[in-house]
Amino acid sequence: MKLFVGILLCSLVLGVSSQRWLTFLKEAGQGTKDMWRAYSDMREANYIGADKYFHARGNHDAAQRGPGGAWAAKVISNARENSQRVTDFFSHRSSGHGAEDSKADQAANEWGRSGKDPNHFRPAGLPRKY
């Protein structure tokens with residue numbers, strides 16, 4: 001629902017043509033895949049201290065797709081951070097992902113979306129595969 005409303009709003013406010021709509025949707029889909037790939041790689045690597053790198057990399061790769069990719073990266077990043085707050089609330093415990101860590105994750109997300117090099121967050125020893 002949020003996706004539809006977001007696309008409709010972009011179309012109306014920005015005067016996006018039908019051709020641009022398709023491009024935006026394609027970029028958003030590709031950006032979503034980039035974010036999923038970064039998340040999958042983070043889970044596979046299971047490397048302590050690498051989460052900020054994967055946040056920045058996923059957002060960077062998605063944003064490089066264009067406005068649709070950047071939009072998808074922002075929506076997914078915000079949803080991920082907000083879902084952790086909800087999970088903590090209902091489970092009456094902490095996921096270990098406190099407010100400071102969430103703020104640092106969001107800074108890494110923004111770093112990547114702004115086009116800066118995600119390797120800034122790359123920890124020493126992380127396999128080159130990633």
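**Note on aromatic and charged side-chain contacts**

1. In this predicted model, Y53 and F54 are both buried. The number of aromatic pairs in the structure comes to five. Among them is the pair formed by Y53 and F54, whose ring centres are 5.1 Å apart; because their planes stand at 70 degrees, the pair is edge-to-face.

2. Another of the five aromatic pairs is that of W111 and F121, with 5.6 Å from centre to centre and 85 degrees between the planes, and it is edge-to-face. W111 belongs to helix α5 (residues 99-113), whereas F121 is in the segment after α5, so this pair ties together parts that are 10 residues apart in sequence. W111 has a relative accessible area of 24% and is therefore partly exposed. F121, with a relative accessibility of 23%, also counts as partly exposed.

3. Turning to charged contacts, the model contains 10 salt bridges. In one of these, the side chains of K129 and E44 meet with an N to O distance of 2.3 Å. This pair links distant parts of the chain, with K129 in the segment after α5 and E44 in helix α2 (residues 18-45), 85 residues apart. K129 is exposed because its relative accessible area is 63%, while E44, at 45%, is partly exposed.

4. D105 and K52 form a further salt bridge, in which the closest N and O atoms are 2.7 Å apart. D105 is located in helix α5 and K52 in helix α3 (residues 51-63), so the pair ties together parts that are 53 residues apart in sequence. How accessible are D105 and K52: buried or exposed? Both residues are buried.

5. A salt bridge is also made between the side chains of R113 and E110, at 3.2 Å from N to O. Both residues lie in helix α5, where R113 and E110 are three residues apart, about one turn of the helix. R113 has a relative accessibility of 16% and therefore counts as buried; E110, with a relative accessible area of 42%, is partly exposed.

6. Finally, salt bridges with shared partners join D51, K52, D101 and D105 into one network.

Key
Residues numbered from 1 in each chain as written. Predicted model: local features only at pLDDT ≥ 70, side-chain atom pairs only at ≥ 80, totals over all residues. Heavy atoms only, no water. Phe/Tyr/Trp six-rings, centres within 6.5 Å; stacked < 30°, edge-to-face > 60°. Buried < 20%, exposed > 50% of the residue type's maximum accessible area, 1.4 Å probe, protein only. Helix = DSSP H or I, 4+ residues; strand = E, 2+ residues; numbered from the N terminus. Salt bridge = Lys/Arg side-chain N within 4 Å of Asp/Glu carboxyl O.
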